[in-house]
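Please look through the structure below, and then follow the paragraphs that come after it, which move from one residue to the chains and their interfaces.

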Amino acid sequence: MTHAADVPLWAAVPVAFLLLIGAGLALAGSIGLVTLRSFYDRMHAPTLGTTLGIGSILVASMLYFSILQTRFVLHEILIAAFMVVTTPVTLMLLARAALYRDEREGNPDAPPRRPTPVQD
Amino acid sequence: MSAMILSSAILAAQILLVAAMGCAALRVLRGPRAQDRVLALDTLYVNGAMLLLVFGIRTGTTHYFEAALLISLLGFVATAALSKFLMRGEVIE
Amino acid sequence: MKRWLPYPAIGLTLILLWLLLTESTSVAAVLLGTALACAGCGALALVRFPRTRLRRLASVPGLLRDVVVEVFRSNNAVARIILRPSRAQARRSGFVRIPLDMRSPHGLAALTCILTATPGTVWVDYDSSDGTMLLHVLDLIDEDAWVRIVKDRWERRLMDIFE
């Protein structure tokens, strides 16, 4: 914490606020991972952390280093862009895998099967 | 003044993130199905990346950023491969 | 022109990402980034990545603003649902099947990103034979309302841009 004294108060307050919001959202998502009952419900919980949670921590990091080094530090955008692209892919792959396994085992959590088209 | 605000906020954020990682680890251990464990492992990766970013702010160096980038990258690849494995029983067809 | 620059937008994005990663705008970094972008676009051309032309770029900022607003709103809603388990009995989650009119693969990918990035909805499956998608909603009150939300708020505007 040797550098933190160089940061003016008007920047320290938003950085602290954003850090707490981001960490709180990540914790809320992980609590949801433990408390929600079915797998398909739990699938929604981590998106709290992967959208606004990591987003606000990245903004806090950008703000802090930009002021600390008195130049624009923007490379955190890379993680944000990467997260935006990868989160839907992982969630969709996982959801489809779970759907496939549930359908094969006749699990009641799975959605009703589509009516098969009539062959004529 | 600003140092005090920042250091307490960073400490609180680190505690919250470690608690989040604990919750995710609990779900990894408890299961019950394999897809629950994979989902929790993915959450664990993201929380780890966030913890590293906060650590970078604490120490004032940008080196942790690269570690966070690598963790999120590896987490994506690992989760994609594991989901593929759950679906078909093999990773590369 | 088309032969050498098959994907101008993707190439430009790759150069920008490289400059962000190296944190410099020196000639060397720009040259290396350009070389990497050319290699990346060449690789995409090898796997015959479908090309698209964006129309009505003017409506993109409005769409992005609405996505950000929606992300904030649904983060708040889902965090409330998780942290207040006493109301779990009243909540119902479930699958909705939504018929889509959009066929552009890029538009569908954008719709997936939007729907999954807003907590509370996860895109599960897409059937390309009849163009229906399966969506899982955490707080499902009314199936028809969700069909309307997806079609009116997102699909119509994405079709304006991608088709």
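**A walk through the model**

Thr132(C) is buried, with a relative accessible area of 10%, where buried means under 20% relative accessible area, exposed over 50%, and partly exposed in between (1.4 Å probe, protein chains only). This residue lies in strand β3 of chain C; helices (H or I, at least four residues) and strands (E, at least two) are DSSP runs, numbered from the N terminus. The side chain of Thr132(C) makes a polar contact with the side chain of Asp130(C) at 3.5 Å, a polar contact being a pair of N or O atoms within 3.5 Å, of which, within protein, one must be able to donate a hydrogen and the other to accept it, while residues adjacent in sequence count only if both atoms are side-chain atoms.

This is a predicted model, in which local features need pLDDT of at least 70 and side-chain atom pairs count only at pLDDT 80 or more, whereas totals for chains, interfaces and linings use all residues. Residues are numbered from 1 along each chain as its sequence is written, chains are lettered from A and ligands numbered from 1 in the order in which they are written, and side-chain values use heavy atoms, with hydrogens and water left out.

Of the 120 residues in chain A, 54% are buried. Among the contacts in chain A with a separation of 6 or more, 58% are between residues 24 or more positions apart, contact meaning heavy atoms within 4.5 Å.

How does chain A meet chain B, and how many residues of each are in contact? The contact involves 59 residues of chain A and 52 residues of chain B. The size of an interface is often given as the accessible area lost when the parts come together. Between chain A and chain B the buried area is about 4,800 Å², of which carbon and sulfur atoms give 78%; this is the accessible area (1.4 Å probe) that two parts lose on being put together, summed over both. There are 7 residue pairs in polar contact between these two chains, both residues being at pLDDT 80 or more. On the side of chain A that touches chain B, α1, α2, α3 and α4 of chain A each give two or more residues, and the largest share, 18 residues, comes from α4(A). By class, that side has 40 nonpolar, 13 polar and 6 charged residues, where Ala, Val, Leu, Ile, Met, Phe, Trp, Tyr, Cys and Pro count as nonpolar, Asp, Glu, Lys and Arg as charged, and the others, Gly among them, as polar.

Across the interface of chain A and chain B the rule finds 2 salt bridges, a salt bridge being a side-chain nitrogen of Lys or Arg within 4 Å of a carboxyl oxygen of Asp or Glu. Asp102(A) and Arg33(B) meet in a salt bridge at 3.2 Å, N to O. Asp36(B) forms a salt bridge with Arg42(A), with the closest N and O atoms 2.8 Å apart; Asp36(B) lies in helix α2 (residues 34-59) of chain B and Arg42(A) in helix α2 of chain A, so the pair joins two chains. Asp36(B) is buried at 2% relative accessibility, and Arg42(A) is buried at 4%.

Chain A also touches chain C, in a contact that takes 35 residues from each of chain A and chain C. The area buried there is about 2,800 Å², with carbon and sulfur atoms giving 69%. The rule finds 1 salt bridge across this interface, between Arg96(A) and Asp125(C), whose closest N and O atoms are 3.8 Å apart.

Within chain C, Arg157(C) forms a salt bridge with Asp66(C), the closest N and O atoms being 2.8 Å apart. This pair links distant parts of the chain, with Arg157(C) in helix α5 and Asp66(C) in helix α3, 91 residues apart. Arg65(C), Asp66(C) and Arg157(C) are linked in a network of salt bridges.

Finally, Ile98(C), Leu111(C), Leu115(C) and Leu158(C) touch the most other members of the largest nonpolar core, which has 35 residues; a nonpolar core is a set of buried Ala, Val, Leu, Ile, Met, Phe, Trp, Tyr and Cys residues joined through side-chain atoms within 4.5 Å.
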